[in-house]
Amino acid sequence: MHAVVPSIGLRVYELATLAAAAAIGSVHCLLAHGRKTLDTGLLDEDGLALVLRDPEAAGLDERDVAVMAFAARLSQDAASMTDDDSARLRAVGFSDRQIVDIALAAGARNLFSRTLQALAVPIEDVPRLSPQLSQALREAAERRGAAA
């Protein structure tokens, strides 16, 4: 995180992280980064729940939507990605360095999330999350499971 946030900012980092976690169905990371997103004031509870259901309907700008789409694609089928995937990020103003850092943020989330899943680490409740948001975050992970 400390290596990539300076070039992309905390908002882009968290959006890439949330999109990657949702794409692989990681309840652990959605709960933890949902809390972090609230704590840093990047989104409120309603905004976070909506972002995970439908980033475009949530009113995110095209840069944020592109980041989330890139992170989700990397998490679901990185082997089929081409320069066209990076080109979409370039088209909305990201530099090559920032694109690498977005990929690293999503890739790191994949490594950590998949490790937790592989080890069957129990999912714990995260303090200071409302029951409604906790449920919305869990549902975002379940949508991935149903789509797989």
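The model is predicted: local features need pLDDT of at least 70, side-chain atom pairs count only at pLDDT 80 or more, and totals for chains, interfaces and linings use all residues. Residues are numbered from 1 along each chain as its sequence is written, and side-chain values use heavy atoms, with hydrogens and water left out. The protein chain averages a pLDDT of 92. Its largest nonpolar core has 45 residues. A search of the whole structure finds nine salt bridges.

**Confidence**

- pLDDT is the predictor's confidence in each residue, from 0 to 100.
- In the protein chain, 97% of the residues score at least 70.
- Helices here are DSSP runs (H or I, at least four residues), numbered from the N terminus.

**Nonpolar core**

- A nonpolar core is a set of buried Ala, Val, Leu, Ile, Met, Phe, Trp, Tyr and Cys residues joined through side-chain atoms within 4.5 Å.
- Buried means under 20% relative accessible area, exposed over 50%, and partly exposed in between (1.4 Å probe, protein chains only).
- Leu 30 and Ile 102 have the most contacts inside the largest core.
- Two or more residues of this core come from each of α1 (5-23), α2 (27-39), α3 (45-53), α4 (62-77), α6 (96-118) and α7 (131-147).
- The largest share, eleven residues, is given by α1.
- Leaving aside neighbours within four places in sequence, Leu 30 is in contact (heavy atoms within 4.5 Å) with Leu 18, Ala 21, Ala 22, Leu 52, Leu 137, Ala 140 and Ala 141.
- In soluble globular proteins, nonpolar side chains tend to be buried together.

**A buried serine**

- Ser 75 sits in helix α4.
- Ser 75 counts as buried because its relative accessibility is 5%.
- A polar atom of the Ser 75 side chain lies 2.8 Å from the backbone oxygen of Ala 71.
- Beyond its neighbours within four places in sequence, Ser 75 is in contact with Ala 20, Ala 23, Ile 24, Asn 110 and Arg 114.

**Salt bridges**

- A salt bridge is a side-chain nitrogen of Lys or Arg within 4 Å of a carboxyl oxygen of Asp or Glu.
- Arg 11 and Asp 64 form one, at 2.9 Å from N to O.
- Arg 11 is in helix α1 and Asp 64 in helix α4, so this pair ties together parts 53 residues apart in sequence.
- Arg 11 is partly exposed at 30% relative accessible area, whereas Asp 64 is buried at 6%.
- Asp 85 pairs with Arg 73, with the closest N and O atoms 2.7 Å apart.
- That pair links helix α5, which holds Asp 85, to helix α4, which holds Arg 73, twelve residues apart.
- Asp 85 is buried at 17%; Arg 73 is partly exposed at 31%.
- Arg 138 and Asp 125 meet at 3.2 Å, N to O.
- Arg 138 lies in helix α7 and Asp 125 in the loop between α6 and α7, so the pair ties together parts 13 residues apart in sequence.
- Arg 138 is partly exposed at 22%, and Asp 125 is exposed at 66%.
- Salt bridges with shared partners join Arg 35, Asp 39 and Arg 128 into one network.

- Ala 120 has a positive phi of about 55 degrees although it is not a glycine.
- Arg 128, also not a glycine, has a positive phi of about 70 degrees.
- Ala 120 counts as exposed at 60% relative accessibility, and Arg 128 counts as exposed at 59%.

Notes: A polar contact is a pair of N or O atoms within 3.5 Å; within protein, one must be able to donate a hydrogen and the other to accept it, and residues adjacent in sequence count only if both atoms are side-chain atoms.
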